[in-house]
Amino acid sequence: MTKTKDTPGSWKIRSLTLGFTAGAAAILAGCSGAPAPAPPVATRPPPASSGPASAAPSETRPAAPKVSNAANPRDYRRDAAQHLYDQNADRIWKGKLQPNLYAIGTLQVELDRNGLVTRLHWMRAPSHAPEVVKEIERTVREAAPFPTPSRMGKVTYTETWLWDKSGRFQLDTLTEGQL
């Protein structure tokens, strides 16, 4: 089997092709009287090894944002970190991180009362890796809406990103530690 290089948007084409194939199979199965198998669920491909910027956005979003009952930004940080993990499950480093990380950055995120990002402020940007800065900002913006900060109205929280050169990451709030 020939392996082809992923290009931007190629996963969408594969997903559409898979959807059309599954639909045709369902129609044909309906004609035979046998129950049709469940169509496969299209998932986004894992990030390419060329870097974090090649990861495709997640297309699975909750219908309505969750509600956070955190009373302060420090408590809200855990809800936001879990939300980011849920939105980027295939990009989370599983287990303990390698001793030498590619980048570490500390980002302050300001959210409005609806959980939408209103401002990003780098407290410590990984200046040696500007592509990581852009990818983290994109990841945060695409994860919106975050859980609504119901008890605070709006919230500004701080998170430290622990970034591996593969493009996978952990957040300091939920980290499993380092080797």
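Here is a short tour of how this protein chain is put together. The model is predicted: local features need pLDDT of at least 70, side-chain atom pairs count only at pLDDT 80 or more, and totals for chains, interfaces and linings use all residues. Residues are numbered from 1 along each chain as its sequence is written, and side-chain values use heavy atoms, leaving out hydrogens and water.

**Overall make-up**
- The protein chain has 3 helices and 6 strands, where helices (H or I, at least four residues) and strands (E, at least two) are DSSP runs numbered from the N terminus.
- Reading from the N terminus, the order of elements is α-β-α-β-β-α-β-β-β.
- Of the 179 residues, 36% count as buried, meaning under 20% relative accessible area with a 1.4 Å probe, protein chains only.

**The sheet**
- An open sheet is built from 4 strands in the order β3-β2-β5-β6, with antiparallel pairing; two strands pair if DSSP finds at least two bridges between them.
- At the edges sit β3 (117-124) and β6 (169-171), each pairing on one side only.
- From one strand to the next, the twist averages 30 degrees.
- Strand β5 (residues 155-163) joins β6 over 3 bridges in the antiparallel sense.
- Trp 161 has Leu 171 in β6 as its bridge partner.

**Helices on the sheet**
- Helix α2 (residues 73-87) lies across β2 (103-111), β5 and β6, at about 50 degrees to β5; axes are lines fitted to C-alpha atoms, for helices over the stretch in contact, and angles run from 0 to 180 degrees between N-to-C directions.
- Helix α3 (residues 130-143) packs on the sheet and touches β2, β3 and β5, contact meaning heavy atoms within 4.5 Å.
- The direction of α3 makes about 150 degrees with that of β3.

Conventions: Buried means under 20% relative accessible area, exposed over 50%, partly exposed in between (1.4 Å probe, protein chains only).
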